[in-house]
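Subject: Structure for you to look at

Hi,

Have a look at it first and then read on.

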Amino acid sequence: MMPQACVLAAVFAFGVARATSTSGGDEAFARAYEAALVDLVLDGTMETLVTKNDVMGFVQVMDCAPDGEIYSYPSVDLSAGGTLAEVLERGYARVGARRGFTSSGWADYNDPPKGMAPDVEKEVFRRIGLHYGRNLTVRYNLNFSSTDAVIAALDDNVVDASACNYGIGSFSGNVRRATTYRYSCCTTSEDVYMASSVSSGITSKSDLELRISQTNLKGQAKVGAVGTSAFQVIQQLFLTAVVVQYTTDVEAIAALANDISLLAVAAFKPASKPDTTNNWYSINFVIPRTSFFRKEILLKNKVANISKVTEWQTGNQALASVYNAALVWTATLGLRSDIYSRYNISLLGIGDCVTKEGSYTVPSGTSGTLKQVLDSHKLRIGVMRTESLPLIDSTGDSPVGALPDVERSIATWISRQYSSFLPVSTQYTLYDTSDEVFDALGDGSIDVTTAFMFAGGFYSNEARRRNFFPSCYTTATFMIGFASNTRDIHKDLAHYLSLHPGLALGGVGMGNVQILKTFYGNLAEIVYFQKTSTAFAAVVSNQSMVAILTDWMSEPPDGYAANVTQFELPFISPSCAFFRQDIVGGCGDGIVDQSLGEECDSSAGCADNCQCGSGYGVDDRTHECHKNNKKTYTAAIVGGVLGGLVMAVVVVAVVMLVILIPILRHKYVRTTFAGSLVRCLVLFCSKKTNATEERGRHCHAIRHLPPTKFFALKPSAVQPGELCTSSNPSTRLKRHLKP
């Protein structure tokens, strides 16, 4: 069962960048929100709000390791405009929420809003105001009947942010919100609890699944859920049941009491309030929640090989869509759980990508990176050398473990969707550090990172999610600690460290090291371990190494079970794969293509003001930036073009002589057909006709005939001039070749 109160970092999402004068600053607004949220986590305010609102099932999803240096307040120029400047100038942030949504202790969006989520929102904006020397408050817009309407209001600039209790994995229509809007770290995430009447005898998820299967033999089983996110999650988890959506806890619990066909409802209750009428039980599934905002796309990657720029620019997010579809549907079919079971891995369910009918479809057209994967039949994956079994061991030539098996199943699934004659295989490249993996992803050396990347990690002092596209979570578990059994740590690691200064903590993997530095860095030295075996040896033999942190092991490696004690920490560590974001269009498309030399005077993009950087020139037709400044190198360019034309004329003349002299000397030249063919060639390869398109088609057909086949034509089978008027000359020529 999950802890009922623990610290949490928050998650945001922003929508598509606007092209109006108010379009700038959405990213700055999000970063200020994240910085304030991290403050709440690090100073204990978040935990205080959990206790105050008496919420049950609150958990911390570490999708953003709350590093106070990384998540810092951005500088802002109030005269430059943008969302953050506008909010500070007006003195309040406009937050949109669906009126009437009520969940015990979590949120009551009636007037005035109250509960955990509104408390977080008010405290976040108060702290943003304090940082910039302003008195900042929240004004709620509750004039929405659905969460989709709230999301649409972001694009219409009616609100600055959504309420912070919206599920990251939920959909607006058939579009996953997290792909369209900018989201921050998780805010009010919770373990999903369900209630069944005491008289039903249902006390666990397994009991409920059995009752659903039994009920379906006679009719259709029915369960319920409060809110859109929980509704979509319950639909995914209980595919054979009818799921009913409720707006409030009161409505759901009343339905459970009055409708004997309703087996259970996913709802909320105060942590300390007893309920003698219903059994409450965790289904071991977390809904990560967030606020949503408008999105800006800022890309900083530079292609390694300019000849590969087309493959590198596009098709990355299409590949990510196929990858996510594979993750969702292999999970739904039980293929992924079968792999984890083989390695004795028990993972936590997390609703960052819920399954919805019509969602996670495979792109019909392919281009760029996705096309390259299908054409080469290879999915190039970058992985850091690490020994983290049973999930992965990449210290040898080829990675082994549960996640490489999952990645191979994804490659196979992709092959089947496109009916590939040859299966797509995984091709691994090993690197010493995670930054090297992201360097390779950015320049196009690999197509995707390994699925073992910590979702909340950093790259070059930036959150990875800001410049790369994360997949659905591939693994998610509570953080597990192992200490020498001579130490009495239990769950309160911070208390133990405060009583025993000078100790060290170890983390297996950089993600765990980042988490340890955030929460325990002021209490102990943090040590990085690449191999699990080395870490356990240090805990057993090193007197100063108090414990190590992992996020996948249910039991210690062979030989250490008798020497270590396991304890659980109140953090959920998610892993995922990362992809490049697509770089499309050119100067003026609203996206800063820095890799192509594009520069703008606003962080919002190039919609209004765009120029090419030093050493680049702009193409007036495509508005794209290219190497070599147009003004500086005009003479060189013109000279190069003229020289190229002269050379082309010489080459064409030589080729024509080489082709025509043998033809004129050949006996078929004297025939009507041969003469017609030569005239056709001359006619359609000259400027004597205005039928440019038709001329090109005929010449292409004639030019591409090998000499041996050209002279194998049967002149008697073709009427004079027929080739010149044929609508399909290539087919015409091939039809009259000798066997």
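Predicted model: local features only at pLDDT ≥ 70, side-chain atom pairs only at ≥ 80, totals over all residues.

The overall picture first. The protein chain has 739 residues, and 55% of them count as buried. Its secondary structure comes to 25 helices and 39 strands. Among contacts in the chain with a separation of 6 or more, 74% are between residues 24 or more positions apart.

Strand β3 (residues 92–96) is joined to β6 in the parallel sense over 5 bridges. If you want to find that pairing on screen, look for Ala93, whose bridge partner in β6 is Val138.

Pro112 lies in the loop between β5 (107–108) and α4, and the peptide bond from Asp111 to Pro112 is cis, with omega near 0°.

Now the cores. In soluble globular proteins, nonpolar side chains tend to be buried together. Which residues touch the most other members of the largest nonpolar core? They are Met116, Phe125, Ile128, Leu505 and Tyr520, out of 91 residues in that core. The helix that gives the most to this core is α1 (residues 26–42), with 9 residues. Take Ile128 as an example: leaving aside neighbours within four places in sequence, Ile128 is in contact with Ala32, Tyr33, Ala36, Tyr73, Leu84, Leu88 and Leu136. There is also a second, separate core of 63 residues, which includes Ile212, Ile287, Ile339 and Phe452.

Next, another open sheet, this one of 6 strands with mixed pairing, in the order β14-β13-β15-β12-β16-β19. Here the edge strands are β14 (242–246) and β19 (349–350), and each pairs on one side only. Strand β12 (residues 190–197) pairs with strand β15 (residues 262–267) in the antiparallel sense, over 3 bridges; Tyr193 stands opposite Ala267 in β15. Two helices are worth a look here. Helix α8 (residues 228–237) packs on the sheet and touches β12, β13 (222–226), β14, β15 and β16 (278–287), with its direction at about 90° to that of β16. Helix α9 (residues 249–258) lies across β12, β13, β14, β15 and β16, and runs at about 165° to β15.

On to β20. Of its 7 residues, 6 are buried, which leaves the strand mostly covered. It runs parallel to strand β23 (residues 425–431), joined by 7 bridges, and Met384 stands opposite Tyr431 in β23. Strand β20 also runs parallel to strand β24 (residues 448–449), with 2 bridges; there Gly382 stands opposite Thr449.

The model has 8 cavities of 30 Å³ or more, and about 220 Å³ of space lies in the largest cavity. Of the 20 residues that line the largest one, the closest to its centre are Phe452, Phe454, Gly509, Met510 and Gly511. The elements that give two or more residues to its lining are β20 (378–384), β25 (453–454), α18 (510–520) and β33 (564–576).

Why does Thr475 count as buried? Because its relative accessibility is 5%, and buried means under 20%. Thr475 lies in strand β29 (residues 475–484). Not counting residues up to four places away in sequence, Thr475 touches Tyr340, Leu347, Leu391, Leu403, Ser573, Pro574 and Ser575.

Last, a few backbone details:

- A cis peptide bond joins Leu389 and Pro390, with omega about 15°; Pro390 lies in the loop between β21 (387–388) and β22 (392–393).
- Asp54, in the loop between α2 (45–53) and β2 (60–61), is not a glycine but has a positive phi near 55°. It is partly exposed, with a relative accessible area of 22%.
- Asn461 also has a positive phi, about 60°, although it is not a glycine. Asn461 sits in the loop between β26 (458–459) and β27 (462–463) and counts as exposed, at 63% relative accessibility.

Cheers

Key
Residues numbered from 1 in each chain as written. Heavy atoms only, no water. Pairing = 2+ DSSP bridges. Helix = DSSP H or I, 4+ residues; strand = E, 2+ residues; numbered from the N terminus. Core = buried A, V, L, I, M, F, W, Y, C linked by side-chain atoms within 4.5 Å. Buried < 20%, exposed > 50% of the residue type's maximum accessible area, 1.4 Å probe, protein only. Contact = heavy atoms within 4.5 Å. Axes fitted to C-alpha atoms, helices over the stretch in contact; angles between N-to-C directions. 1 Å grid on protein atoms, 1.4 Å probe; cavity = no way out; pocket = protein on both sides within 12 Å on 5 of 7 lines; lining within 4 Å. Points joined across faces, edges and corners; volume = space filled by probe spheres on them.
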